[in-house]
Amino acid sequence: MAKAEWRHGNRYHRFIVTTLPQGMSDPRHLYEQIYCARGDMENRIKECQMDLFSDRTSSHTIRANQLRLWFSAAAYVLLTALQRLALGQTSLETATCGTIRARLLKIATRVTLSVRRIVLSMPDMFPCQHEFALAHARLRRLRQAI
């Protein structure tokens with residue numbers, strides 16, 4: 001399958017060359033659901049490599065490199081679940097994993113442990129306070145529902 005675009009004014013004419021038999025699929029469906037979905041999947045793979053460092057397989061053993069890939073895959077699953085379950089209707093609803101990691105997880109926070117609780121003290125100037133509090137409340141509601 002290949003795609004060619006032709007620009008005429010402000011309109012794009014898209015042509016897809018495929019080996020599927022004629023009449024097998026609607027052209028719009030073929031372009032939007034199959035061709036674009038493949039490109040979107042490539043973008044998700046690149047996001048995992050760049051933002052979650054799954055391309056760092058420089059250890060001397062195969063097992064260590066495999067463990068790194070597992071950790072990156074687990075982090076990707078957790079961040080996309082966080083985005084889907086807790087960050088809907090926020091500024092991070094469509095953010096990449098790297099943006100979520102930088103804005104919500106990489107925060108200078110003082111952790112105070114006691115016998116009965118853990119207290120997190122975040123800076124007053126934390127720009128994503130609202131998103132963090134909303135995500136925390138939504139995750140607590142999910143936990144209570146289980």
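Mentor: Of the 146 residues of the protein, 21% count as buried, where buried means under 20% relative accessible area, exposed means over 50%, and partly exposed lies in between (1.4 Å probe, protein chains only). This is a predicted model, in which local features need pLDDT of at least 70 and side-chain atom pairs count only at pLDDT 80 or more, while totals for chains, interfaces and linings use all residues. Residues are numbered from 1 along each chain as its sequence is written, and side-chain values use heavy atoms, with hydrogens and water left out.

The secondary structure comes to four helices and four strands, in the order β-β-α-α-α-β-β-α along the sequence. Helices (H or I, at least four residues) and strands (E, at least two) are DSSP runs, numbered from the N terminus. The radius of gyration of the protein is 22 Å, whereas a compact globule of 146 residues would have one near 15 Å; this radius is taken over C-alpha atoms, and the globule rule is 2.2 Å times the number of residues to the power 0.38. The C-alpha atoms fill a box of roughly 70 × 45 × 35 Å along the principal axes.

The part to look at is a nonpolar surface patch of about 430 Å², made by Val111, Leu113, Ile118 and Leu120. Patches are made of residues with over 30% relative accessible area and no salt bridge, with like charges joined within 9 Å and nonpolar side chains (Val, Leu, Ile, Met, Phe, Trp, Tyr) within 5 Å. A salt bridge is a side-chain nitrogen of Lys or Arg within 4 Å of a carboxyl oxygen of Asp or Glu. Accessible areas come from the Shrake-Rupley method with a 1.4 Å probe, and for residues only the protein chains shown count as cover.

Strands β3 (110–113) and β4 (118–121) each supply at least two residues of the patch. Ile118 lies in β4 and is exposed, with a relative accessible area of 59%. Leaving aside neighbours within four places in sequence, Ile118 is in contact with Val111, Thr112 and Leu113, contact meaning heavy atoms within 4.5 Å. The C-alpha atoms of Ile118 and Ala137, 19 residues apart along the chain, are separated by 16 Å. Leu120 also lies in β4, and it is partly exposed, at 48% relative accessible area.

For the whole protein, the accessible surface comes to about 11,900 Å², and 56% of that belongs to carbon and sulfur atoms.
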